[in-house]
Structures are given as C-alpha cells and as structure tokens.
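Subject: Handover of a model, with notes on what was found

Dear colleague,

I am passing on a structure together with my notes on it.

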Amino acid sequence: MKTQYKLLLLLLFMAGLSRAQTEEDYQWTIQECVDYALENNLSVQRTLLNVETSDIAYQQSKMALLPDANITGNYGFNWGRTIDPTTNLFVDNRRTATSNGSLIGTVPVFNGFNLRNTIKQNELAFQASQQDLERTKNDVIINIITFYTNVLFNKELLDNAKKQLNSTEQQVDRTAKQVEAGALPRANLLDLEAQYATNELNVVNAENNYKLTKIQLKQALQLPPSSSVDIVVPEINVEENMLDVSVTEVYEIALRNMPEIKSANLNQESASWGIKAAKSNLYPSLSFTGGLSSQYSDATADAERFIRDGGEPTIVQRPIGFVEGTSTRVLTEVEMPSGRTVEGYSFGDQVDDNLRRFIRLNVNIPIFNRFQTRAGIQRAIINQQQAEINLKDVQNQLWQTIEQSYYDVEAASKSYAASLKQVEARRESFRVTKQRYDNGAANFVDYQVAENDLFQSESDLVRAKYDYIFKLKILDFYQGKPLEF
C-alpha cells in the first residue's frame, strides 16, 4: 500500500512538473497575443456593455409599437359618513370596506411617425456602438503590436550584447595566452578585462530591458501576475516588407474600412433621424383605449337584492297618488320583472353586476406646450451638426495619422538602409583593426573604439529594422491587411 501511495505522489509531481514546464516554455505568436487580449481586455468588455445597452434601447423602441396593458386595483376602509360606490348612497356610522379593479389597454395608431423615426435613430446608434467596439479592439491590437515589437527589439539587442560579450571573452582568452608567452604586455590583458566587464554590464542592462518589455506585454495581455510570457521570434525579411502604395490609396482604403469612420457616419445619420423624431411631436396623435372595471363594497353585502330569472314580467297596479279633493287613489300599471329577492350580496356577484366595459378613441392635438417641442427640435438639429463636425474631425485625424505614418515608414526605410551600410563599414573596420591589434600594430584604444562603434552600429541597425517593421505594420493595419511578420 505504501508503494502504491508513493507511486501516486510521484506521478502527480511529474504531471505538475511537466505542466509547469509546458507553460513556461510555451511561446506566443502575435496572433495568439491579439486573440487573447481581445477576449480578456477590460476596455473591450466595457465597450461591449455599451453595445448591449444600445441594443436594449433599440429593442425597446421597437416594442413601443405594441399595445400596452395594465391592471390596477385597490382595497381600503372608510369610516363615518361616506358614499357606497356601488349604489352612490350615503352610508352612516360604520366602517365600510371597498375595492375596485380595472384592466386597461392602449393601442397607438398614429403619432406623427415618432415611433418609426425613433426606431431608425436607435438602430443606427446601435450600429455605431458596434463600430465603436471594433475601434476599441483596434486600439488593443495596435497596443499589442507595439509591445510585441518591443519584446522582439529588446531580445535582438540582448543577443547582440551577448555576441559582443562572447567576442570579447574570446579575445581575452587569446590575449591571456599571448601575455603568458611574453608576446604582449600585461596592460593589454587588463584593458580587455575592463572591456569584458563593460560588456557584461551591457548584457545585464539589455536583459533587464528585455524582461521589462515582456512584463509590459504580459500586463497588456492582462495575464495573472504568477504567469510568464515568451514570444515566438519570427523570421523577418525586411526586403519582403516594402511600401508599395501611395498615401492617398492608403487613406481611401481606410475611409472604407476603419470603424471610427463608420461610427461617425452612423452617428450622423442617427442624428438626422433624431430631428425627424423631434419634429413628429408637432403632429396630432391617435390611439385606442379599452378596458374593464368593477367594484365591491361591504356596505351592501347584507342587503336584499333582486335576481331576475328570465321569465315573463307581471303587470301590477301601484298607487301613484289621490284624486284631488278626494281619498280615491290613482293607480297605474307597472311591469314587474320575473325573479326573486335574496338576502346578501357576495363579492363575486357584486363584481359581475358592476362590471363595466369601455373603448375610446383618443386624439391629442398639440397647440402650445411652452415651446418644449421647438426646443427639442433645436437640440436635435444641434446634435446633427455636432455629428457632422465629429465626422469631419475623425476624417481629418485619420488623414493626419496615415500621412504621418506613411512618411514615417519612408524615413524608417531610409534609416534602415543607411544603418545597414554603416554596419557593413563598421564590421570591416573592426575586422581590420582586430587583425592589426592581434599583430601588435594597433593599440587597445583603437581596438576598443572599433568594437564599440561596431556594437553601436549593430544596435542602431536593430532599432532601425524594428522601427521600420513596426511603422509598416501600422500602415498595413490601416489597409486591413493581416497582422503577420
């Protein structure tokens, strides 16, 4: 039993270790980073709630076309002299319990097309909120691209610093052997060891910058604090990523595709329908109202009541007065319905007997409402003008952004080409200087300057490469191209 227990613990430990190693070694592609961020970003979730709110307003405006129905009722007590609502007779010196209820429904027939215009206004506002969601997603995507590129950039800088450190280490070993053989003075070795220490510091700083950018990417992804993130290093061929469109072509594509433009257009159209909805309040409105109502009073609960049985009525003689100056009665024939008299008037019987039905045609003609409708129309017109200004502003901002991005790409391309030439020159210069230094024809200062210049030019090349790639990807983004390196 002990053996089985130990074996189970060992298997659980190995499974946990394997899982931890898998999570630690897993590398994220840029598309996985984008997908994860879009699913978990709080700004996206907040904007999604705004979309749901707009959808509720849109659905509610459609439901306003349906009839409404309400049931009302009450039950209460009266003391002292009061009126019995079932008989309209006074009731004195007693507590009276009364109750009434009603079911009322209203059907809108015509209201100046206010409901139809409001539905269209809210529908466009809902579509605009969907485009706002896409805009928020785009902001998240650009943010992820930025951090992802920063990680790639700092990783390559770290590799470059390690390569320089390794080169210096090899030179230290070679010089140490030459010093032991008496071919070079010990000062050369000390200078190289100092340079090696400097290069070690460069590696430490580059590693810290690399870790910092990974943390920033993790925070942008909103991963748990205990998790780690590493990315796939793609094969980037700068020559395959070239600018092949004009700035005007990019702008025209963006005008058709960017969600902020679509949102501004939809908001402008929605505001136009808002003016129509406001103006509809100037017209008469028409509706039908129908309902049922009944009531009950315990003041007549013990009273006698006559219940007809549907039989033939009976003709009886009833006095209505006397012949003037005599005691002779004047009789008249009265038709008495067929039925019977019973004691008590129950709740159900009162509700049935007092049941009322009604239907009404309601007409409302606005004449004067203290200029509230006029003010609403003016506000709607101002909203529409603001929507037009916002559309122009968004279009201008998009043009400025694309124009700046386009010329940034051109400048970055030229910078990369210049850095590439500089690295080739610095590499050849370092090769010659190193060869002269190994042969004793150059001093350490010349060697150190050549090595540092090479390291700086290689770092500048890395910076120029990723600056160009990043800015080109932003321009690709405005053209709707997939986010791939």
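To begin with a local feature, Tyr75, Phe77 and Trp79 form one aromatic cluster, where rings of Phe, Tyr and Trp (its six-membered ring) pair if their centres lie within 6.5 Å, and where planes under 30 degrees apart count as stacked, over 60 as edge-to-face and the rest as tilted.

Before going further, please keep in mind that this is a predicted model, in which local features need pLDDT of at least 70 and side-chain atom pairs count only at pLDDT 80 or more, while totals for chains, interfaces and linings use all residues. Residues are numbered from 1 along each chain as its sequence is written, and side-chain values use heavy atoms, with hydrogens and water left out.

The chain as a whole

The chain has 10 helices and 10 strands; these are DSSP runs, with helices being H or I of at least four residues and strands being E of at least two, numbered from the N terminus. The radius of gyration of the chain is 45 Å, whereas a compact globule of 485 residues would have one near 23 Å (taken over C-alpha atoms, with the globule rule being 2.2 Å times the number of residues to the power 0.38). Along the principal axes, the C-alpha atoms fill a box of roughly 170 × 80 × 40 Å.

Of the 485 residues, 33% count as buried, where buried means under 20% relative accessible area, exposed over 50%, and partly exposed in between (1.4 Å probe, protein chains only). The accessible surface of the chain comes to about 29,900 Å², and 52% of that belongs to carbon and sulfur atoms; the areas come from the Shrake-Rupley method with a 1.4 Å probe, and for residues only the protein chains shown count as cover.

The mean positions of the 49 positive and 61 negative charges are 3 Å apart; Lys and Arg count as positive and Asp and Glu as negative, while His and the chain ends are not counted, and the place of a charge is taken as NZ of Lys, CZ of Arg, CG of Asp or CD of Glu.

Aromatic pairs

A search of the whole structure finds 12 aromatic pairs. One of them is formed by Phe153 and Tyr466, which are edge-to-face at 6.3 Å centre to centre, with 65° between the planes. Because Phe153 lies in helix α4 (residues 114-180) and Tyr466 in helix α10 (residues 444-478), this pair ties together parts that are 313 residues apart in sequence. Phe153 is buried, with a relative accessible area of 15%, and Tyr466 is also buried, at 6%.

The rings of Phe368 and Phe371 have their centres 5.3 Å apart and their planes at 85°, so this pair is edge-to-face as well. Here, however, Phe368 is exposed at 58% relative accessibility, and Phe371 is exposed at 55%.

Backbone and individual residues

Phe371 lies in the loop between β10 (356-364) and α9 (372-438), and has a positive phi of about 65° although it is not a glycine. Phe113, likewise not a glycine, has a positive phi of about 65°; it is found in the loop between β4 (96-110) and α4 and is exposed, with a relative accessible area of 52%. For context, most residues other than glycine have a negative phi.

Thr98, in strand β4, is buried at 13% relative accessible area. Leaving out residues up to four places away in sequence, Thr98 touches Asn74, Tyr75, Gly76, Asn78, Pro85, Tyr296 and Ser297.

Leu89 belongs to strand β3 (residues 89-91) and is exposed, with a relative accessible area of 54%. Beyond its neighbours within four places in sequence, Leu89 is in contact with Thr82, Ile83 and Asp84, and its C-alpha atom is separated by 10.0 Å from that of Ala299, 210 residues away along the chain.

Thr433, finally, sits in helix α9 and is buried, at 11% relative accessible area. Apart from neighbours within four places in sequence, Thr433 is in contact with Ala442, Asp446, Tyr447 and Ala450, while Thr433 and Glu451, 18 residues apart in sequence, are 8.9 Å apart from C-alpha to C-alpha.

Notes:
Contact = heavy atoms within 4.5 Å.
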